[in-house]
Every structure is written in C-alpha cells, then in structure tokens.
Amino acid sequence: MPMAFSTHKQHQHLPNLYGATAAPPPTPSAQPNHHTVTSSAAADELSNLLHRLPPTLSLPKRRSSTSATSPPPPTLSFSDPNFNHLLLSSGSELGFLQLTNHDIPSQLANSAETESLSLFELTRDQKESCFPKNWPLGFDADDDDEEEEDGDGKGESFCLDTECSTETTTDLSLTSLREFTRALEKLGLKIIDKLADAMGFDNSIGEDPTRFRSLMWISEGLHGDHDKPSGGFYPYVIGLQYQIRCQKYSLLKDSGSVSVSPQVDSIMVTLGDIAQVWSNGKLSKVRGRPMACLGDGNKSRLVSMSLLVTLPCNSRVTPLLPEVVGEEGTGDEDDESQVCGSKEEQEKRLFNSFSFEDYAWRVYNECYLFNDPLDRYRI
C-alpha cells in the first residue's frame, strides 16, 4: 500500500468572499431614500439584486482546508539499484519518503511501543526523577495544558539518548526500546551515507558516528488538529519513524501541513533543516517531527517514537559544497587553485555558517509555524 498524502496550505489573510475568479456583485443604484423598509420590500430588493448577478457568479463556498489527494511519493528499498537516485529525487521534491524491506522486525517495534506507553503511566514525580530535564534530554510537559482528572498530563514527551538512560534504579525496563533506538540509528546513518554520496559530499560522512547525535523522541498522539508537537521542534539531519499500524500523520512543510498515511511496517523517513543547509537548499525539509492525527472522536492512546539523527551541540552548520579542482593547479597542497578552482566554478553559498546550539535553542523555544527559522541565515 503506497503512502498517500494531501496538503493543507497555510493562509494568513482573509479569504476572498467572492471566490477566486468571480467579481463582486454590482452596487444597486437609485435606491429609495426610506428610513424604514418593510420585510416584503427588502425581499423584493434582494430578489432583484440576485437576478442582476452575472450568470457565472455563484455564491461563495466555504474554503476547504483539504485539497485533492496528491500522487504518492516513491517507496524506496535498499535492494533497488537506483536507490541513491530515488533518494535524492524524493528528498529534493518532497523531503520525506517511506522505506521498505529493511531489517527492523515488527516484533521489536511493538515491544518498544509497549515500553514507551509505560512511561506515560508513571506519576509526574516519577517522570521527573527518572528523566530529569537536561535539555534536550529528559521529560517535558506543556505547563500551559491542564492535567486531566486521572493525573495524566497533556502534551508530554520524553527525549532519550541511544542508551535510553535513566537517573534512578527502578523496575522500569526499556530493553526493547534501547535495541529499537540503536537499530533505527544504524539505519539512519546508512541513509545519510547514501544521501551524501548522491549529493557529491564526502562519502564517509555517515560512517563517523561521533559526528552525529541520535535522540529518541517519544510523545503521545494528539487529538484534533495540532500544528506544534509536544516537546517543541528540534533541528535534525534525518528522522525515522516505524509504522506499526495504519495511521495518519501530519508533517509541517514550508508550504503548509501535509497529511500522510504510510504503509504498515514501513519506516517513514523525513529530511530536516540541517540536511537542507548541508545541501545548500537543494533538499526539501520537514519542520519538526511527524505528529499522529487521532481526530477529535478517537480517544485511544498512541505514542509516536521518532528517532532524530542530529548533531552535537558544539557543532557548526554550513553548506557542504563540493570542491572544484582548478584546471591550472600544480598538484601542490599549497596551490589554492588546485583545491578551490575558479570563482565561476564555485557554487554560490545560500546559507551563512551558524552555531547549532544557538539555532536549536531558538527553534525549540520559539514558535515557527509560519516563518522559516532558517531565513535569518540565508544569504
């Protein structure tokens, strides 16, 4: 079953009440100057006005937030000989895809989900003591949301490292979640390596685990329409989410929100803002993590387990431009023309270099539903 999706455009202006192409109704002329008008006279005036409307003009319809279903993105498999090309194509056009024929068993994903659900059964004190806040790691809750009568807060999330470390010795078992996190991290680094190869970057970029930092972000599914995930946004290179069941998710794109329904047992892959900067704007991005859409009538509990392959806080983010070798180079290491080439051959840099920690703190604590947080770094 392919991943189907539909788009929802964001609008900050009031809609045109007369539709996209129709002109507004003509202003009535020569109205009688009466201080009071009977209901019968008013009805006659309205009838005359409607009869004078152009035949192609119809009454405005309520603007729908959902457009027609778009064609599904490509489904990728590592066994495909054109994997790198398809990865680059879907990454450039959409910024997300679904991966099949991977080596992560469904039993492991289900066990990890069960352990993740148990985290939300803890008391508030247990959540804060077992997972103390050490940004971005730890337990987080939206203090603006009121707690429900049973004690379970809304908008709660856990951010864990690859070891799923806890601070206190409890009966809490996270063995499957830890194994699941490591498996997703291994898969994510492999995808980054192939993406780097397709983009012409250093082909060993995904082979150095010290260059990256992986975070397992666990949050509860949200009822109704929500634009911002619990736990806030956090920048990343690539995100991975295993599809345990048939479930619709909302992705936030620069052009608006996108609803996707990935294939069961596939892994939804999203490209983040760091990947877009690395590619010098060639790759499309998804802002934040996928959010499970339960709908207002669905009261079942569901957790989202998103593995984010991101960067250490002390990193600097800059476009990874392919080096161009100059035609007049002598081969000497000190010959700048051999390394850099001519200015005409160099690709124009679209982003300034910036501190990852400063950027991560900004996007996590500020709301960027309508503005791209990368705009301040564009050249």
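In this predicted model, Lys-282 has a relative accessibility of 40%, so the residue counts as partly exposed. Its side chain meets that of Glu-347 in a salt bridge, 2.3 Å from N to O. Lys-282 belongs to the loop between H6 and E11, and Glu-347 to the loop between helix H7 (336-340) and strand E14 (354-355), so the bridge ties together parts 65 residues apart in sequence. Glu-347 is also partly exposed, because its relative accessible area is 30% and the range for that class runs between 20% and 50%.

The whole structure holds 11 salt bridges. In one of them, Lys-285 and Asp-254 come together at 2.9 Å, N to O. Lys-285 is in the loop between helix H6 (273-278) and strand E11 (287-292), while Asp-254 is in the loop between E8 and strand E9 (256-261), so this contact joins parts 31 residues apart in sequence.

Glu-113 sits in helix H3 (residues 106-119) and Arg-245 in the loop between E7 and strand E8 (249-253), 132 residues apart. Glu-113 is buried, with 8% relative accessibility, and Arg-245 is partly exposed, with 33%.

The largest nonpolar core has 82 residues, and Phe-180, Ile-218 and Leu-240 have the most contacts inside it. Helix H5 (residues 175-199) gives the most to this core, contributing 10 residues. Beyond its neighbours within four places in sequence, Ile-218 touches residues including Leu-119, Phe-120, Phe-158, Leu-177 and Val-303.

Aromatic rings form 15 pairs. The centres of Phe-180 and Tyr-242 are 6.2 Å apart and their planes meet at 70°, so the pair is edge-to-face. This pair links helix H5 with strand E7 (residues 238-242), across 62 residues. Phe-180 and Tyr-242 are both buried. Trp-217 and Tyr-234 make a tilted pair, 5.6 Å between centres and 45° between planes. Trp-217 is in strand E6 (residues 213-220) and Tyr-234 in the loop between E6 and E7. Trp-217 is buried at 1%, as is Tyr-234 at 2%.

Note on methods. Residues numbered from 1 in each chain as written. Predicted model: local features only at pLDDT ≥ 70, side-chain atom pairs only at ≥ 80, totals over all residues. Heavy atoms only, no water. Core = buried A, V, L, I, M, F, W, Y, C linked by side-chain atoms within 4.5 Å. Buried < 20%, exposed > 50% of the residue type's maximum accessible area, 1.4 Å probe, protein only. Helix = DSSP H or I, 4+ residues; strand = E, 2+ residues; numbered from the N terminus. Contact = heavy atoms within 4.5 Å. Phe/Tyr/Trp six-rings, centres within 6.5 Å; stacked < 30°, edge-to-face > 60°. Salt bridge = Lys/Arg side-chain N within 4 Å of Asp/Glu carboxyl O.
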